[in-house]
Amino acid sequence: MKLIISGATGFVGRELIRQSLSKSEITSVVALSRKPVSVPENLPDGADPSKLKSVVVQDYDQYSEQAKKEFAGASACIWTVAITPTKSRTYDFEEVRRVCQTCTLAGFKTIHDSGVSKPFRFLYMSGATVDRDPTKTALFQPEYTRMRGDTETKVLALASEFGGVEASVARPGFITEPGAIVKSMVGAVVQFVVGIPTISIVDLAAVMLDQVVNGFEKDPLMPQDLARIAEKLGSP
């Protein structure tokens, strides 16, 4: 299968690429980013770097004809592009909405219209505190959280409109990184105070790849679901 990974130079995107190059079910990896993507270091055994194709775009709501040609025949996409809650405070909210919502929907539609394989799977990465109910007000950053929930709803509606397209949302909690002691400590505090399970970047990537390759177990994939599936999969 051909897999598209958006936000390929980001924290999650890089790990998705690293693991995807060693999965036999994935024959081609289209790394979508605003700058060239190189082969990651520390590739797993059996990885095939030749499967990687870097596709550079000016922005995630602007796609050249060449980019569209690379999307053709894809079987799945994992969309990781977003401005995080913490970083969103430093941007005008309309720019946050453009990156998190407008670009997501534009990218999804462009990829689909480029001639994807059916059934096509689209996995959107969101966050643990997001809720699709617009009447609910989040305790922290309610405007941001409501916008992300609205984006999830629009992604699912678009998938239904297309036909032959399956969509789901991954909602990880705090994402930790092997060897990053401070980040792990912060994650432990978040889990204790808020009660949201943490997940390592390695496990999160493994679960998301499993879901687009083998089919979505459910929607949304909450932190507890991601942890459960990661445990079932074992170490990638």
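Here's a quick look at the nonpolar cores and the pockets of this predicted model.

Let's start inside. The largest nonpolar core has 34 residues, and Trp79, Phe108 and Phe120 touch the most other members. Two or more residues come from each of strands E2 (28-33), E4 (76-79), E5 (120-125) and E6 (165-170), and from each of helices H2 (65-71), H4 (93-113) and H5 (142-162). H4 gives the most to this core, with seven residues. Apart from this core lies another, of 33 residues, including Leu3, Ala31, Met125 and Ile175.

Phe108 is worth a click. Setting aside neighbours within four places in sequence, Phe108 is in contact with Phe120, Phe122, Val155, Leu158, Ala159, Phe162 and Val165.

| Pocket | Volume | Lining residues | Nearest the centre |
|---|---|---|---|
| Largest pocket | about 1800 Å³ | 46 residues | Ile83, Thr84, Pro85, Thr86, Tyr144 |
| Second largest pocket | about 400 Å³ | 18 residues | Arg14, Glu15, Arg18, Pro40, Glu41 |

Helices H1 (11-20), H3 (85-88), H4, H5 and H6 (181-194) each put at least two residues into the lining of the largest pocket. H4 gives the most here, with four residues. By class, that lining splits into 23 nonpolar, 14 polar and nine charged residues.

What about the second largest pocket? Its lining takes two or more residues from each of H1 and helix H7 (201-214), and H1 gives the most, with five residues. The class count for this lining is 10 nonpolar, three polar and five charged residues.

Methods. Residues numbered from 1 in each chain as written. Predicted model: local features only at pLDDT ≥ 70, side-chain atom pairs only at ≥ 80, totals over all residues. Heavy atoms only, no water. Core = buried A, V, L, I, M, F, W, Y, C linked by side-chain atoms within 4.5 Å. Buried < 20%, exposed > 50% of the residue type's maximum accessible area, 1.4 Å probe, protein only. Contact = heavy atoms within 4.5 Å. 1 Å grid on protein atoms, 1.4 Å probe; cavity = no way out; pocket = protein on both sides within 12 Å on 5 of 7 lines; lining within 4 Å. Points joined across faces, edges and corners; volume = space filled by probe spheres on them. Nonpolar A, V, L, I, M, F, W, Y, C, P; charged D, E, K, R; others polar.
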